[in-house]
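Work through these exercises with the model open beside you. Try each task before you read its solution.

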Amino acid sequence: MSLAEYERVISEAQALHVFQVALGGGNPNQHPLFPEILQLTREKYGIVPNYTTNGRGLTDRVLEASSKYCGAVAVSAYPP
């Protein structure tokens, strides 16, 4: 999903008075613009982003944005 497509969806959610959104479906944190998605969701639309991940792709940049903008992050652990 492009950032423009995401912004269209999240703006519609804001119009419906959504106050939190859960991002999932694999590892959303591996999207190349994931920190920007979190920032946009929280700062521009006032919606608290949350997401699930298996822990892959949790770079320092993603972790910093998660700490700053997310309400919750769930990490699923599976045996190798």
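Helices, defined as H or I with at least four residues, and strands, defined as E with at least two, are DSSP runs numbered from the N terminus. The model used here is predicted.

**Exercise 1. Place A4 in the fold: which helix holds A4, and is A4 buried or exposed?**

Step 1. Find the element. A4 lies in helix 1, which covers residues 3–15.

Step 2. Apply the cut-off. Exposed means over 50% relative accessible area. A4 has 58% relative accessibility, so A4 counts as exposed.

Step 3. A4 and S66 are 62 residues apart in sequence. Their C-alpha atoms are separated by 20 Å.

**Exercise 2. Classify the aromatic pair: are the rings of F34 and Y51 stacked or edge-to-face?**

Step 1. A pair of aromatic rings is described by the distance of the centres and the angle of the planes.

Step 2. Test the distance. Rings pair if their centres lie within 6.5 Å. The count for this protein comes to 1 aromatic pair. The centres of the F34 and Y51 rings are 4.9 Å apart.

Step 3. Test the angle. Planes over 60 degrees apart count as edge-to-face. The planes of F34 and Y51 stand at 85 degrees, so this pair is edge-to-face.

Step 4. Locate the partners. F34 is in helix 2 (residues 34–44), and Y51 is in strand 2 (residues 48–53).

Step 5. Check burial. Buried means under 20% relative accessible area. F34 has 2%, so F34 is buried. Y51 has 3%, so Y51 is buried too.

**Exercise 3. Judge the overall form: what is the radius of gyration of the protein?**

Step 1. Compare with the rule. A compact globule of 80 residues would have a radius of gyration near 12 Å. The protein has 12 Å, which agrees.

Step 2. Along the principal axes, the C-alpha atoms fill roughly 40 × 20 × 20 Å.

Step 3. Turn to burial and surface. Of the 80 residues, 32% count as buried. The protein exposes about 5100 Å², and carbon and sulfur atoms supply 56% of that area.

Key: Residues numbered from 1 in each chain as written. Predicted model: local features only at pLDDT ≥ 70, side-chain atom pairs only at ≥ 80, totals over all residues. Heavy atoms only, no water. Phe/Tyr/Trp six-rings, centres within 6.5 Å; stacked < 30°, edge-to-face > 60°. Buried < 20%, exposed > 50% of the residue type's maximum accessible area, 1.4 Å probe, protein only. Rg over C-alpha atoms; globule rule 2.2 N^0.38 Å. Areas by Shrake-Rupley, 256 points an atom, 1.4 Å probe, with all protein chains shown as cover.
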